Amino acid sequence: DLSSDRSASMAGDPAKWQALADLTFAFSAWVRREGGVLRVLDAGGAVFDPAAFATSGETQVTEQTSHPAPPVEALCPPTPLRPRGLRILVSDLLLEGDLGAPLRRLAEGAAGTVVVQLLTPAELDPESAGPMTLIDAEAHTELDVLLDRRTIAQYIERLRRHRASVETHCQRLGVGYALVTAAAPSEMIRDDLMRQGVVEPA
């Protein structure tokens with residue numbers, strides 16, 4: 001089962017949205033190669049036809065509409081998860097709240113669980129841009145900021161602490177974790193998933 005975060009913060013950046021499509025397609029292909037069927041679940045609760053990813057991840061995923069950010073609890077979909085199977089969560093995890101409970105439910109009864117945190121290069125390493133207005137992708141609120149080196153350093157430190165918290169939760173639960181930078185499929189697989197031990201060469 002793959003839980004797919006399709007909230008506005010994921011859909012608002014074309015590179016991240018495409019990366020979600022490519023990762024879904026790649027995981028589906030790997031599961032089929034092993035004789036299984038990947039069930040794709042929306043973090044909001046919808047179930048998508050796994051056959052939709054048999055030929056083209058891009059078309060089938062990008063045609064889905066986004067929805068407001070789910071509460072952090074919804075990262076584990078309300079749809080009952082299949083027991084003793086592999087479970088994958090793909091999300092930017094840019095949500096407020098304690099991730100421990102939903103990750104615990106996601107991992108409970110699974111043969112293995114992997115959390116993929118998908119972020120864009122701009123989210124990981126923003127550039128100085130001077131005065132600008134930031135718009136919250138979920139709440140549509142605006143914030144005027146001076147995006148200088150000091151502000152960026154503060155943001156990067158907060159993101160580092162957030163990622164460290166996610167990794168700590170995963171380690172306590174025996175859940176795999178990988179940070180993936182939105183890029184071409186070959187780069188995400190080679191530079192992130194393989195390097196962090198999520199997948200291995202055939």
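A search of the whole structure, which is a predicted model, finds 8 salt bridges. A salt bridge is counted where a side-chain nitrogen of Lys or Arg lies within 4 Å of a carboxyl oxygen of Asp or Glu. Side chains of opposite charge can pair when their charged atoms come close. Residues are numbered from 1 along each chain as its sequence is written, and side-chain values use heavy atoms, with hydrogens and water left out. Local features need pLDDT of at least 70 and side-chain atom pairs count only at pLDDT 80 or more, whereas totals for chains, interfaces and linings use all residues.

Two of the salt bridges involve E157. With R160, the closest N and O atoms are 2.7 Å apart; with R161, the corresponding separation is 3.5 Å. The setting is helix α6, residues 149-173; helices (H or I, at least four residues) and strands (E, at least two) are DSSP runs, numbered from the N terminus. E157 and R160 are 3 residues apart in this helix, which means that about one helical turn separates them. R161 and E157 are 4 residues apart in α6, again about one helical turn. Accessibility is described in three classes: buried is under 20% relative accessible area, exposed is over 50%, and partly exposed is in between (1.4 Å probe, protein chains only). E157 is partly exposed at 31%, R160 is partly exposed at 44%, and R161 is partly exposed at 46%.

A further salt bridge joins R190 to D191, with the closest N and O atoms 2.9 Å apart. R190 is partly exposed at 48% relative accessibility, and D191 is partly exposed at 32%. Elsewhere, salt bridges that share partners join D1, R39 and R82 into one network. R39 is located in the loop between α2 and β2 (40-42). With a relative accessible area of 17%, R39 is buried. A polar atom of the R39 side chain also lies 2.8 Å from the backbone oxygen of P80.

The nonpolar residues were examined next. In soluble globular proteins, nonpolar side chains tend to be buried together. A nonpolar core is defined as a set of buried Ala, Val, Leu, Ile, Met, Phe, Trp, Tyr and Cys residues joined through side-chain atoms within 4.5 Å. The largest such core has 20 residues, and those with the most contacts inside it are L23, V90, V116, L118 and L193. At least two residues of this core come from each of α2 (14-33), β4 (86-91), β5 (112-119), β8 (176-181) and α7 (185-194). Helix α2 supplies the largest share, 5 residues. Contact means heavy atoms within 4.5 Å. Leaving aside its neighbours within four places in sequence, V116 is in contact with L23, F27, I88, L89, V90, S91, A178, V180 and L193. A second, separate core of 19 residues includes L106, A107, L159 and C170.

V115 is placed in strand β5. At 0% relative accessibility, V115 is buried. Not counting residues up to four places away in sequence, V115 touches L89, L93, L103, C170, V175, G176, Y177 and A178. One of these residues, Y177, is 62 residues from V115 in sequence, yet the two C-alpha atoms are 4.8 Å apart in space.

Note on methods
Polar contact = N/O pair within 3.5 Å; in protein donor to acceptor, adjacent residues only side chain to side chain.
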